[in-house]
Protein chains: 2
Amino acid sequence: MTNKLGKQSLRFASPPVITSTGTAVGPFEAQGPLKDDFDFCYRDEMAGEKSFEKAERRLMYQACNIALGKQHIPNDQVDYLFGGDLLNQIISAGFNARDFGIPFFGIYGACSTSVEGLILATITLSGGFGNLALITTSSHNSTAERQFRYPTEYACQRKPYSQWTVTGAGAAVLSSSGNGPKITTATVGKVADMACKDPLNMGAAMAPAAAATLAQHFSDTGRNPEFYDLILTGDLGKVGHEMTLEWCRNQYQLDLGPNYQDCGLLIYDQNNPQVHAGGSGCGCAAITVYGHIYKRMMNGELKKILVAATGALHSPISCQQGENIPCIAHAVSLEMP
Amino acid sequence: MTNKLGKQSLRFASPPVITSTGTAVGPFEAQGPLKDDFDFCYRDEMAGEKSFEKAERRLMYQACNIALGKQHIPNDQVDYLFGGDLLNQIISAGFNARDFGIPFFGIYGACSTSVEGLILATITLSGGFGNLALITTSSHNSTAERQFRYPTEYACQRKPYSQWTVTGAGAAVLSSSGNGPKITTATVGKVADMACKDPLNMGAAMAPAAAATLAQHFSDTGRNPEFYDLILTGDLGKVGHEMTLEWCRNQYQLDLGPNYQDCGLLIYDQNNPQVHAGGSGCGCAAITVYGHIYKRMMNGELKKILVAATGALHSPISCQQGENIPCIAHAVSLEMP
């Protein structure tokens, strides 16, 4: 059991490498501060399709296509596709798997899906069960809005703590060898439930899960926050980011320090009032990490990072039935050789 | 790459063992031909809860609790929980993961989820990333009916090829050592799409995926159907079972032979007109395999079996938008030492 580290973490003896990534985003993301880091920007949120759902699927297809294309990898050389998204029955990922014809594992961890996929793919390759995996996830503002909240036509007034679901998809090629950041450790999350019931305040609901997984990661690995050039949560936004700092301090006596950031705060101009508390959605961590962060690792700006993606595991039905919003966070560390 | 077998299959050098199982079912399943093989039968389909969704969750909780309880395994000794179900955002599995507090991977493969979970758990344990995993899945006739089709109050007339979604949950404890059937090989499915569009005819939609995965399994492993005492698909029912036999014969020159059965045909009395084409749902394969089949392996009646669970990866939205129903099948072989 040399791979297991503490209670919830893994150290990979043969860490696989993210050898390429692909990102495709919507028009709003293409105007944000990370715009130069995306591979493909659509000019309209329909992406030339007839429905929001089909548009989301096109984003995911593009991201995968770009990630494979950068290395001229034919589909049939990829051993596994790990994919998931926010839509009911993860249809974006399901149809995408059909289009690529790669053996497929469908996963669901809400906005933690990107890192859940990275962990499962790393376990699979590091365990010797394949050489190449493709990991993908997506979200779309309008598909998420109308599925989880209100019809998009309502133009509901949003709360100050609301987040803006990212329209974007990210994909990563994970290989048992090659150049790029290696996935060296992983921490698998447990579900945390702090009795939050407001589906408009995702940051607050997810922060305790983020804090628990981060604290567990440092405890299991014996590392401390200074070990990393950057600690990044996936889509907590302003409220969740502050709460995570506070929870780590108060519950776990852990100071995340100045290197702690959140993808939901990086992705949009925080002065834009439309954004409210920041970005969210499966695509938020995916496009930020596979676009912005990946470039900075490849050019040497960042050497060691920890990414913890958080997901809220509720559904509209569970909220309507009075249930709490249970949340989870999974983390991986990426290190340049 | 000694673990990889052909294009889509794996042979496990250190095959993990299903050391115990748990099943909890609804009242209709408790009247069927497999009734004596279930651990817990609820007398009403509400299972003492206030909603169908909460009832489904209770079934899953029971199944997990029984599977762990049979071996007196405390929750905190389980390294991972792999769970998924048919409900939007897999809420049964998410809440269940909260209740057990085990590091959680949420998965979605529609009715193929049970075997998808077994494969991912086997990869994880066989790769040396843990010693104990819990795998669970569930379905509930009334939650599925109202989510995928019509409000339960409608009492819609059903087509002759309709299947009856199983109310039941199954759980398996997978261990790196112990007594019981070993998971020796796995075949990871690709998504098949034969342009079926009728969400009431799941058997026909899923049969090509089942046939493709079965044919790939025999091609990858070099085994033939006679190698197994039983070849079992998950929930194809009468229509899908016949179509799979035919597809295997016509497309792949593969005769599945007399040992080919389907869980959807075993679970209910086929003379009951309510059942129409047979059983379906995530729970169908789970309770049949973890209840009926597991007992027959443990008492020596069956030595080697192949289980292929099939899933239809559509959603009501994708069907309403005119999309086909893409399908997948995953297979594992279970062998007694």
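**Close-up views of chains A and B**

**View 1. The interface of chain A and chain B.** In this predicted model, 62 residues of chain A touch 62 residues of chain B. Between the two chains about 5,000 Å² of area is buried, and carbon and sulfur atoms give 62% of that area. On the chain A side, the residues that lose the most area to chain B are A:Gln89, A:Phe105 and A:Phe129, which together account for 15% of what that side buries.

View 2. Eight salt bridges are found between chain A and chain B. One of them joins A:Lys4 to B:Asp79, with the closest N and O atoms 2.4 Å apart.

**View 3. Elements of chain A that touch chain B.** Several helices and strands each give two or more residues to this side, among them α1 (52-69), β5 (80-85), α2 (91-100) and β15 (327-335) of chain A. Helix α3(A) gives the most, with six residues. By class, the side of chain A that touches chain B holds 29 nonpolar, 22 polar and eleven charged residues.

**View 4. Helices α3(A) and α8(A).** The axes of α3(A) and helix α8 (residues 282-298) of chain A come within 8 Å and cross at roughly 60°. From α3(A), the contact is made by A:Thr113, A:Ser114 and A:Leu118; from α8(A), by A:Cys282, A:Ala285, A:Ala286 and A:Tyr290. Of the residues in this contact, five are nonpolar, two are polar and none is charged.

Methods
Residues numbered from 1 in each chain as written. Chains lettered and ligands numbered in written order. Predicted model: local features only at pLDDT ≥ 70, side-chain atom pairs only at ≥ 80, totals over all residues. Heavy atoms only, no water. Contact = heavy atoms within 4.5 Å. Buried area = accessible area lost by both parts, 1.4 Å probe. Salt bridge = Lys/Arg side-chain N within 4 Å of Asp/Glu carboxyl O. Helix = DSSP H or I, 4+ residues; strand = E, 2+ residues; numbered from the N terminus. Nonpolar A, V, L, I, M, F, W, Y, C, P; charged D, E, K, R; others polar. Axes fitted to C-alpha atoms, helices over the stretch in contact; angles between N-to-C directions.
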